[in-house]
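Please take a first look at the structure below.

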Amino acid sequence: MAEKEESINELNKNMCKFIQQNYFDPFKIDGVETSQNKYAEECDLSSSTISKIGNPKGYNI
């Protein structure tokens, strides 16, 4: 059971890293850099969700 949980945690970390690198670094709307809050609003996400995804520990996707 611990192995499965560790595997899921690693998957979540890797997914968060992918999202961070491909969508949040830097925050852009129509090619123009913007703030995290404005980006969150445009993507219909909460700013706290974006922060959690960017956390080195990852986020439980």
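Val32 sits in strand β2, which spans residues 32-33. Val32 is exposed, with a relative accessible area of 54%. Exposed means over 50% relative accessible area, buried means under 20%, and partly exposed lies in between (1.4 Å probe, protein chains only). From Val32 to Lys57 the distance is 28 Å, C-alpha to C-alpha. Along the sequence, these two are 25 residues apart.

This is a predicted model, in which local features need pLDDT of at least 70 and side-chain atom pairs count only at pLDDT 80 or more, while totals for chains, interfaces and linings use all residues. Residues are numbered from 1 along each chain as its sequence is written, and side-chain values use heavy atoms, with hydrogens and water left out.

**The loop between α1 and β1**

Phe27 is found in the loop between α1 and β1. Is Phe27 buried or exposed? At 16% relative accessibility, Phe27 counts as buried. Which residues does Phe27 touch, leaving aside its neighbours within four places in sequence? Phe27 is in contact with Val32, Glu33, Thr34, Ser35, Gln36, Tyr39 and Ile50. Contact means heavy atoms within 4.5 Å.

Pro26 has its place in the loop between α1 and β1 (28-29). A cis peptide bond joins Asp25 and Pro26. Its omega is about -5 degrees. Most peptide bonds are trans.

**Two residues with positive phi**

Asp30 is placed in the loop between β1 and β2. Its phi is near 50 degrees, a positive value in a residue other than glycine. Asp30 counts as exposed, at 78% relative accessibility.

Asp44 lies in the loop between α2 and α3. Asp44 is not a glycine either, yet it has a positive phi of about 60 degrees. Its relative accessibility is 72%, so Asp44 counts as exposed. Most residues other than glycine have a negative phi.

**Helix α3 and its packing**

Helix α3 covers residues 47-54. Thr49, Ile50 and Ile53 are buried in this helix. Seen down the axis of α3, the buried residues fall within an arc of 100 degrees, so they line one face of the helix. The arc is taken from the directions that run from the helix axis to the C-beta atoms. What do the buried residues of α3 pack against? They pack against α1 (2-23) and α2 (36-43).

How do α2 and α3 meet? Their axes come within 8 Å and cross at roughly 110 degrees. Axes are lines fitted to C-alpha atoms, for helices over the stretch in contact, and angles run from 0 to 180 degrees between N-to-C directions. The two helices, α2 and α3, are therefore roughly perpendicular to each other. That word applies to angles of 65 to 115 degrees.

On the α2 side, Gln36, Asn37, Tyr39 and Ala40 take part. They meet Ser47, Ile50 and Ser51 in α3. By class, this contact of α2 with α3 has 3 nonpolar, 4 polar and no charged residues. Ala, Val, Leu, Ile, Met, Phe, Trp, Tyr, Cys and Pro count as nonpolar, Asp, Glu, Lys and Arg as charged, and the others, Gly among them, as polar.

**Pairs across the chain**

Ile8 lies in helix α1. At 41% relative accessibility, Ile8 counts as partly exposed. Lys38 lies in helix α2. Lys38 is partly exposed too, with a relative accessible area of 36%. The table lists C-alpha separations for pairs that include these residues.

| Pair | Apart in sequence | C-alpha to C-alpha |
|---|---|---|
| Ile8 and Asn60 | 52 residues | 8.8 Å |
| Lys38 and Lys28 | 10 residues | 9.5 Å |
| Phe27 and Lys38 | 11 residues | 8.9 Å |

Notes:
Helices (H or I, at least four residues) and strands (E, at least two) are DSSP runs, numbered from the N terminus. Angles under 35 degrees count as roughly parallel, over 145 as roughly antiparallel, 65 to 115 as roughly perpendicular and the rest as oblique.
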